[in-house]
Amino acid sequence: MITRGEMTQVRRVCVAAWGGAAVSWELSTPGMLVPSLATCAAFLLLATGCALHIRRGLLAELRRSEEIAGAAQRALLRPLPGRIDGLTLAAAQLSASRGAAVGGDLYEAVPTAHGIRVVIGDVRGHGLPALGAAAAVLGAFREAAYDEPSLGGVLRRMERALGRHVRDRARSEHPSACPAEPESPAAEEFVTVLLLQIAADGALTALNCGHPWPYLLRPVPQHCAAHGRGSAPDPAPHTPTGVEWLDGETLPPLGVVPLPTDPRAHACGELRPGETLFLHTDGAEDARDGAGRFFPLRSVLAQAPLTPARLVAGVHAALLRHTGGRLADDVALLVLRNDRL
């Protein structure tokens with residue numbers, strides 16, 4: 001995709017090359033100086049006109065590319081509903097690729113007969129090349145989440161979808177080396193994935209394949225803030241927050257090694273009324289500033305408002321301030337707050 005910076009560079013090179021050639025030709029040709037300078041000026045005006053014409057064409061191409069990228073982004077990461085079965089949701093994604101609106105991060109939340117099922121993942125790499133793997137994994141989740149009685153079954157379906165995508169990509173990139181599927185060279189593609197299931201009573205079960213574990217945010221009442229304990233079912237926007245990092249068994253990322261025959265989800269706590277679950281990709285905690293310091297995600301969460309939409313907006317704004325607007329990796333954030341009575 002052509003970015004605005006690359007377009008400007010192309011235009012400057014065209015003008016400089018044309019003008020340099022014209023001036024060199026005229027000044028090296030025997031004749032009077034004034035007519036030669038006039039001819040040089042005419043050549044430079046012509047070069048400027050050509051450059052402006054090229055600029056208009058490149059701008060039109062850039063707008064079309066941005067429209068296509070935006071359509072792909074909306075098709076892959078559909079806007080989540082504001083509420084699902086008593087849970088309030090908010091999500092957002094930032095791409096590290098200049099001029100791109102899409103990346104390799106993915107997320108989704110769907111209500112099923114087994115509870116609310118949530119996925120967040122991160123494809124190796126970023127930008128448009130990672131879009132195919134993200135679409136394959138996310139499409140498999142959207143289908144399997146409703147059909148499979150266990151999270152392990154959902155994960156197996158996602159693994160098979162990623163394997164098909166990798167084989168198809170390998171065959172398209174190396175057709176001469178792929179006379180048959182068993183000999184197909186596998187493309188280097190893997191995806192970190194976190195699957196969560198939130199039951200009606202708030203119980204959390206999870207399967208994690210190499211993905212960062214989420215944070216559980218608990219509101220701390222003002223009279224208990226100094227002691228660091230307590231809870232409140234309906235926090236004010238700027239109530240101090242207790243931050244707890246969920247943890248558990250972690251499997252390798254999808255695509256690195258085959259999954260166990262029967263991957264079993266395990267319990268990892270519960271999401272009580274008034275509590276918030278903050279899911280993210282590793283681009284958030286790995287973001288660095290100009291001095292190489294990592295983004296202090298936990299500290300930001302401890303001071304952030306607990307309203308899901310404001311929490312997402314606040315973390316994104318803090319990320320951009322920390323990195324000076326130059327992300328090294330895609331970032332996806334997904335927030336769920338239990339507003340059940």
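Helices of at least four residues and strands of at least two are DSSP runs, numbered from the N terminus.

**Figure 1. The whole chain at a glance.** The model shown here is predicted. Its secondary structure comes to seven helices and 11 strands. The protein has 341 residues, and 46% of them are buried. Take the contacts in the protein with a separation of 6 or more: residues 24 or more positions apart account for 72% of these. A search of the whole structure for disulfides finds zero.

**Figure 2. An open sheet of five strands.** The strand order is β3-β4-β5-β6-β9, and the pairing is antiparallel. Which strands lie at the edges? They are β3, residues 105–112, and β9, residues 266–270. Each edge strand pairs on one side only. From one strand to the next, the twist averages 20°. Strands of a sheet pair through backbone hydrogen bonds, either parallel or antiparallel.

**Figure 3. The hairpin of β3 and β4.** Two residues sit between β3 and β4, and the two strands form a hairpin. Eight bridges join β3 and β4 in the antiparallel sense. One place to look is P111, whose bridge partner in β4 is I116. Is β3 enclosed or open? Seven of its eight residues are buried, so β3 is largely enclosed by the rest of the structure.

**Figure 4. Where β6 meets β9.** Strand β6 spans residues 203–209. Three bridges pair β6 with β9 in the antiparallel sense. Find A206, which stands opposite H266 in β9. C209 is buried, with a relative accessible area of 0%. C268 has a relative accessibility of 9%. Buried means under 20%, so C268 counts as buried too.

**Figure 5. Helix α3 across the sheet.** Helix α3 lies across β3, β4 (115–123) and β5 (191–198). The helix runs at about 10° to β3. How many residues does α3 have? The count is 17. From its first C-alpha to its last, α3 reaches 25 Å. That is close to the 24 Å expected at 1.5 Å a residue. Buried residues of α3 include L131, A134, L138, F141 and A145. R142 is also buried in this helix. An α-helix has 3.6 residues a turn, so residues three or four places apart point the same way.

**Figure 6. The largest nonpolar core.** This core has 55 residues. Which of them have the most contacts inside it? They are L106, V118, M158, V193, L195 and L279. Helix α3, residues 131–147, gives the most to this core, with nine residues.

**Figure 7. The surroundings of L195.** Here the neighbours within four places in sequence are left aside.

**Figure 8. Strand β11 and its two partners.** All eight of the eight residues in β11, residues 331–338, are buried, so this strand is largely enclosed by the rest of the structure. V331, L333, V335 and R337 point one way from β11. A332, L334, L336 and N338 point the other way. In a regular strand the side chains alternate between the two faces of the sheet. Strand β2, residues 87–94, runs antiparallel to β11, and eight bridges join them. A90 has V335 as its bridge partner in β11. β10 also pairs with β11 in the antiparallel sense, over five bridges. L279 stands opposite L334 in β11.

**Figure 9. A histidine inside the protein.** H280 lies in strand β10, residues 276–280. Is this residue buried or exposed? At 1% relative accessibility, H280 counts as buried. H280 and A332 are 52 residues apart in sequence. In space they are 5.6 Å apart, C-alpha to C-alpha. Leaving aside neighbours within four places in sequence, H280 is in contact with residues including I120, H211, P212, W213 and Y215. E285, L297, A332 and L333 also contact H280.

Key
Residues are numbered from 1 along each chain as its sequence is written. This is a predicted model: local features need pLDDT of at least 70, side-chain atom pairs count only at pLDDT 80 or more; totals for chains, interfaces and linings use all residues. Side-chain values use heavy atoms; hydrogens and water are left out. A nonpolar core is a set of buried Ala, Val, Leu, Ile, Met, Phe, Trp, Tyr and Cys residues joined through side-chain atoms within 4.5 Å. Buried means under 20% relative accessible area, exposed over 50%, partly exposed in between (1.4 Å probe, protein chains only). Contact means heavy atoms within 4.5 Å. Two strands pair if DSSP finds at least two bridges between them. Axes are lines fitted to C-alpha atoms, for helices over the stretch in contact, and angles run from 0 to 180 degrees between N-to-C directions. The expected span of a helix is 1.5 Å times one less than its number of residues. A disulfide is a pair of cysteine sulfur atoms within 2.5 Å.
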